[in-house]
Amino acid sequence: MKNFKPTIRPWKATDEESILETPIFDIRRVRATPSGESSSGDFYTIEAPDWINVVALTADREIILVEQYRHGIREATLEIPGGIVDPGEEPLQAARRELEEETGYVSGFWKSLGSCSSNPAIMSNYTHLWLAEECVQVSEIQTDTHEEIQVHTVPPERFLKLVKQGDVHHSIVLAAVARALLEGHLK
């Protein structure tokens with residue numbers, strides 16, 4: 001439950017147009033005016049579907065990580081499983097699907113760690129954070145076209161060291177880690 005009550009009122013959008021549509025996101029120009037003012041400006045937003053991220057723990061309490069190449073920074077990263085919430089899919093369904101597709105693991109024990117805005121300055125979507133416990137491997141990973149994934153499992157203390165050293169640096173992954181730590185799940 002949110003307790004913060006904003007004091008800034010929503011800005012009034014007077015004009016919007018699509019600049020670019022891609023299979024993953026759309027870029028829009030929005031002309032907006034702050035409440036109580038007359039001058040307006042153009043702002044650009046990325047309209048994207050919601051995402052999920054899963055802090056997945058094996059029966060031995062090891063954290064399941066995925067290593068994959070990221071084109072934005074042009075290097076491989078170490079992350080927790082995650083992905084897009086498909087149209088018509090609930091976030092928990094997406095979390096279950098992505099965990100199994102990316103790692104071959106499944107879980108019968110799921111808990112929401114809440115949601116975070118992916119990047120509210122320019123993005124419209126939220127990332128839903130999940131904890132999956134007692135994960136067991138039931139299949140091989142199922143990569144998409146042009147996707148290459150390596151699965152790693154590490155004890156929580158090793159994982160937190162990787163986070164502290166900056167080896168795990170994806171900001172939304174760090175948000176999931178913070179939530180898991182705040183709730184005492186990474187002991």
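This is a short chat about a predicted model of one protein chain.

Reader: What does the secondary structure of the chain come to?

Author: The chain has 3 helices and 11 strands.

Reader: And in which order do the elements run from the N terminus on?

Author: The order is β-β-β-β-β-β-β-α-β-β-β-β-α-α.

Reader: What box do the C-alpha atoms fill?

Author: Along the principal axes, the box is roughly 60 × 40 × 35 Å.

Reader: How much of the chain counts as buried?

Author: Of its 187 residues, 35% are buried. The chain exposes about 11400 Å², and carbon and sulfur atoms supply 53% of that area.

Reader: Which residues make the nonpolar surface patch?

Author: I8, W11 and F43 make a patch of about 350 Å².

Reader: Where does W11 lie?

Author: W11 is in the segment before strand 1, and that strand covers 12-21.

Reader: Is W11 buried, exposed or partly exposed, and why?

Author: W11 counts as partly exposed because its relative accessible area is 42%. Buried would need under 20%, and exposed over 50%.

Reader: New topic. What share of contacts join residues at least 24 apart?

Author: Counting contacts between residues at least 6 apart in sequence, 58% join residues at least 24 apart.

Reader: Last one, charges. How many are positive and how many negative?

Author: The chain has 18 positive and 30 negative charges.

Technical notes
Residues are numbered from 1 along each chain as its sequence is written. This is a predicted model: local features need pLDDT of at least 70, side-chain atom pairs count only at pLDDT 80 or more; totals for chains, interfaces and linings use all residues. Side-chain values use heavy atoms; hydrogens and water are left out. Patches are made of residues with over 30% relative accessible area and no salt bridge: like charges are joined within 9 Å, nonpolar side chains (Val, Leu, Ile, Met, Phe, Trp, Tyr) within 5 Å. Accessible areas come from the Shrake-Rupley method with a 1.4 Å probe; for residues, only the protein chains shown count as cover. A salt bridge is a side-chain nitrogen of Lys or Arg within 4 Å of a carboxyl oxygen of Asp or Glu. Helices (H or I, at least four residues) and strands (E, at least two) are DSSP runs, numbered from the N terminus. Buried means under 20% relative accessible area, exposed over 50%, partly exposed in between (1.4 Å probe, protein chains only). Contact means heavy atoms within 4.5 Å. Lys and Arg count as positive and Asp and Glu as negative; His and the chain ends are not counted. The place of a charge is taken as NZ of Lys, CZ of Arg, CG of Asp or CD of Glu.
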